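Okay, hi everyone, let me get the picture up on the screen.

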Amino acid sequence: MSRHLLGLRDISVTQIQHLLDLAQSYADGERPAGILAGRTLMTLFYEPSTRTEISFELAAKRAGAEVVRCDVDRSSVKKGESFVDTVQTLEALGADAIVIRHPMAGAPTLASQLVRCAVINAGDGMHEHPTQGLLDLLTVRQRKERIAGLKVALVGDVLHSRVARSAIWGFTKLGATVTLVGPPTLLLPGPREEGRGKKEEGRIPSPLPSSFFPFPSSALSMTSSLEEGLSGADVVMALRMQLERQQHGYVPSLAEYARHYGVTARTLAYARPDALLLHPGPMNLGVEITADAAYGPRSAIQTQVANGVAVRLAVLLWALDTDERREPPRSLRELGAERGNEGTRERETIRERPLSVIASGSEAPDTESVIASVAKQSSVTPEIASALRASQ
Amino acid sequence: MGLLIRGGRVIDPATGVDREADVLLAEGRIAAIDASISPGGRHRVIDARNLLVAPGLVDMHVHLRDPGQTHKEDIASGTAAAVHGGFTAVACMPNTIPPIDHPTVVEYIQRRATSTGACRVLPIATITKGRLGEELAPIPTLAASGAVALSDDGDAVKDAGLLRRAMSYARQVGLPVIEHSEDATLSNGGAMHEGMWSVVLGLRGIPSVSEEAIVARDIVLAEDTGARLHVAHVSTAGSVALIREAKRRGVGVTAEVTPHHLLLTDEAVGGYNTDAKMNPPLRGQADRAALVEGLLDGTIDAIATDHAPHTPEEKRVEFDSAPFGVVGLETALSVLLTRLVRPGLLSLMEVLRRLSTTPAAILGLAGGRLELDAPADLVLIDLDRRWTVDPAVFASKSRNTPFAGWELQGKAVMTIVGGEIKYSELVVEAHA
């Protein structure tokens with residue numbers, strides 16, 4: 001049984017809480033050694049990534065899974081192989097989970113309709129980046145000890161941001177309010193019926209009706225005033241500004257943008273004195289964020305990165321439905337034997353598929369090799385915990 | 001020897017007739033309509049009791065993909081789909097490969113329609129050469145060869161000066177100019193309606209103003225030139241308001257709407273359903289309501305399917321990569337009967353009028369009416385027939401419908417073109 005993680009809109013509050021709790025246990029230093037032994041994770045990234053891809057790989061390796069990277073630039077994608085065929089090929093080769101980053105919204109959703117293995121969205125177009133959303137939530141929860149009741153400001157290119165979409169769902173589901181702040185051209189399109197031609201000065205109605213949120217409609221608002229948007233904020237998230245936005249006429253210039261919407265040590269003063277500063281990375285220093293803010297006392301940006309591995313570990317275990325079986329701790333030998341059996345069962349499921357391509361050489365690993373790989377993995381120091389301690 | 005349709009409920013929107021009668025077809029024409037016609041021994045007889053007998057439907061906006069993209073559809077399969085849906089005439093858009101911008105292409109289509117077509121095929125020619133929006137197509141020659149309208153469908157004519165001159169020519173030859181109203185700079189590479197759902201799905205939005213800006217421009221150009229403007233597939237409340245106001249002023253403008261824009265909203269795209277991806281896109285709930293209202297009050301004249309076949313392989317891709325368009329010929333009548341007529345939103349007579357009499361009049365065709373000596377183009381409809389849309393059994397080569405799985409009530413059960421039965425689910429008795 002495998003589960004897909006396509007977006008935070010699709011999963012329940014309970015599931016989000018569960019993933020955060022699980023991730024926290026790894027952030028606290030719990031070792032996942034061997035729990036994914038015999039499982040294969042494949043990453044399929046159609047866009048470049050540092051943090052996301054590496055932290056998925058690290059997470060998988062720490063849990064003992066095999067990790068294969070499908071290098072899009074050197075694979076059959078270059079020969080024109082379609083996305084659909086590529087995903088089905090990876091499953092036929094024995095993937096238990098496929099992690100997908102794609103420039104087009106909905107690509108992981110499409111993949112999830114075609115395969116039985118788990119599909120994890122690592123960022124699709126302007127849609128969602130759910131593991132980023134989870135690590136943002138985890139970071140805030142660690143520092144603020146709660147999400148409910150917090151005021152979160154997302155600043156910048158909200159329109160094109162998948163990080164913003166996941167943050168909107170994640171934070172509002174857990175009871176925070178979210179304010180979107182940016183130039184009018186980079187906010188979300190407002191509802192047309194009420195909005196056109198008679199917008200109140202300064203206030204822009206929320207593009208999403210209250211029926212979308214488990215909490216009152218005040219959960220989401222938009223403003224083009226940085227001061228108004230940041231005022232009273234507990235969390236400020238600066239969004240990455242794509243450099244080509246200027247060419248396409250969304251902003252007059254990056255300098256103009258930075259002057260009015262840049263998050264700096266000075267403008268951060270609009271927020272609460274104890275406000276937390278987040279940024280999904282990679283940063284354009286001097287555009288959406290300045291160094292004095294990014295490396296200042298309120299910044300939790302390094303913590304976000306460090307939490308990435310813990311969150312992705314939790315997501316992998318959840319997606320492969322192994323999270324409930326973490327407790328009680330078992331001996332490595334028991335564990336290995338069980339994983340081996342499960343591996344066999346997995347292959348049988350794949351064999352039932354109408355597509356009759358079966359991975360060769362993908363027999364379940366024997367107990368000894370599992371133990372060996374577990375032993376190897378468990379020697380890795382969990383840097384997550386130490387990084388966390390350092391940044392706090 | 002003729003074909004006698006006995007005991008049906010004869011409905012003719014052109015004259016408002018709605019009564020039980022027999023209809024005799026002979027030599028491709030309607031030979032008699034009377035309360036009771038004697039079989040006389042020489043006619044084949046169709047028992048039409050409990051069936052509607054209506055003028056054959058006319059779809060003024062289809063894509064037959066022939067020449068050039070016959071893996072999606074061709075004239076044989078497209079017209080087969082048409083008669084399955086009760087259509088006896090279709091006007092085909094010129095965005096073929098090559099485009100219908102030369103009389104030889106018009107003639108090719110006419111010849112293929114005669115040899116392989118199940119219904120009448122009326123070519124629409126391009127406004128500009130190559131459909132490129134740069135130079136005028138040979139409009140008088142195209143008109144003389146049999147083109148029934150002019151359109152660069154798929155795109156609007158960007159150059160307003162060129163369109164103004166094209167309209168002058170169109171007026172001269174008496175053809176309507178059909179505009180695909182879309183300002184590409186406002187659509188900005190969008191894949192669906194700009195609104196709540198584009199925000200949620202993270203897809204680039206096509207704003208309503210993209211359509212309305214061109215509708216507004218074209219209305220003033222039509223007013224200026226005196227040309228007949230026909231707005232294709234109206235999709236927004238703002239366009240309906242613009243057209244309503246223009247008609248009030250006496251501008252020569254007509255408009256069409258598709259069944260999918262009348263019945264669906266952008267919510268149907270949820271889950272990245274590429275069979276709900278078309279251009280113009282499915283809009284919001286307020287737009288949908290305005291389209292139904294516009295159809296009711298006559299602002300919108302005709303219903304057309306914008307039948308746009310694409311293969312499953314072409315549609316089973318990332319949403320952004322999928323081509324725009326859905327098929328509609330085999331579902332149009334039934335979805336309208338089920339969702340507009342049954343709930344009482346629109347009368348049966350009105351729906352049939354907008355599917356036959358009105359589009360025939362806009363294109364200047366003889367059909368769309370049940371009168372003595374009119375072409376024997378008819379559809380027999382079983383209002384009670386229940387069926388479920390199964391794209392796998394479509395006569396079209398393509399399956400890209402947003403209505404898959406819909407349970408419908410009411411269906412064309414026989415389609416007669418020029419006195420010949422081209423589609424039938426009924427028994428025809430050769431009378432002794």
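Just after helix α1(B), B:Gly86 takes a positive phi of about 95°. And keep in mind that what we're looking at is a predicted model.

If you want to find the buried ones, they are B:Ile75, B:Ser77, B:Gly78, B:Thr79, B:Ala80, B:Ala81, B:Ala82, B:Val83 and B:His84. And what do those buried residues pack against? On the strand side of the list, there's β6 (57-62), β7 (87-92), β8 (120-125), β17 (407-417) and β18 (420-424) of chain B, and there's also a helix, α2 (103-116) of chain B.

Staying in chain B, let's look at a pair of helices. Helix α7 (residues 208-225) and helix α8 (residues 237-249) of chain B pack with their axes 9 Å apart, at an angle of about 15°. Anything under 35 degrees counts as roughly parallel, so that's what we call α7(B) and α8(B). The crossing of α7(B) past α8(B) is right-handed. Which residues meet there? From α7(B) you have B:Ser208, B:Glu211, B:Glu212, B:Val215, B:Ala216 and B:Ile219, and from α8(B) you have B:Gly238, B:Ser239, B:Leu242, B:Ile243 and B:Ala246. Sort the residues of that contact by type, and you get 6 nonpolar, 3 polar and 2 charged.

One more residue in chain B: B:Leu348. You'll find B:Leu348 in helix α13 of chain B, which spans residues 348-355. Is B:Leu348 buried or exposed? It's buried: 21 other C-beta atoms lie within 10 Å, and the cut-off for buried is 20 or more. Leaving out residues up to four places away in sequence, B:Leu348 touches B:Ile11 and B:Val341.

Next, where the two chains meet. Chain B puts 19 residues into the contact, and chain A puts in 23. On chain B's side, the largest share comes from helix α6 (residues 196-201) of chain B, with 4 residues. That side of chain B divides into 9 nonpolar, 6 polar and 4 charged residues.

Finally, over to chain A. Chain A has 14 helices and 10 strands, and 50% of its 392 residues are buried. Of the contacts in chain A with a separation of 6 or more, 78% are between residues 24 or more positions apart.

In chain A, 4 strands form an open sheet with parallel pairing, in the order β2-β1-β3-β4. Why do β2 (66-70) and β4 (118-124) of chain A each have a side without a neighbour in the sheet? Because they stand at the edges, and each has a single partner strand. Neighbouring strands in this sheet are turned by 15° against each other on average, direction ignored.

Zooming in, β1 of chain A (residues 40-45) pairs with β2(A) over 5 bridges, in the parallel sense. A:Leu41 stands opposite A:Val67 in β2(A). And lying across β1, β2, β3 (97-102) and β4 of chain A is helix α2 (residues 51-62) of chain A, which runs at about 175° to β1(A).

Terms used
Residues numbered from 1 in each chain as written. Chains lettered and ligands numbered in written order. Predicted model: local features only at pLDDT ≥ 70, side-chain atom pairs only at ≥ 80, totals over all residues. Helix = DSSP H or I, 4+ residues; strand = E, 2+ residues; numbered from the N terminus. Buried ≥ 20, exposed ≤ 12 C-beta atoms within 10 Å, placed from the backbone. Contact = placed C-beta atoms within 7 Å. Pairing = 2+ DSSP bridges. Axes fitted to C-alpha atoms, helices over the stretch in contact; angles between N-to-C directions. Parallel < 35°, antiparallel > 145°, perpendicular 65-115°, else oblique. Left-handed = near helix turned anticlockwise from the far one by under 90°. Nonpolar A, V, L, I, M, F, W, Y, C, P; charged D, E, K, R; others polar.
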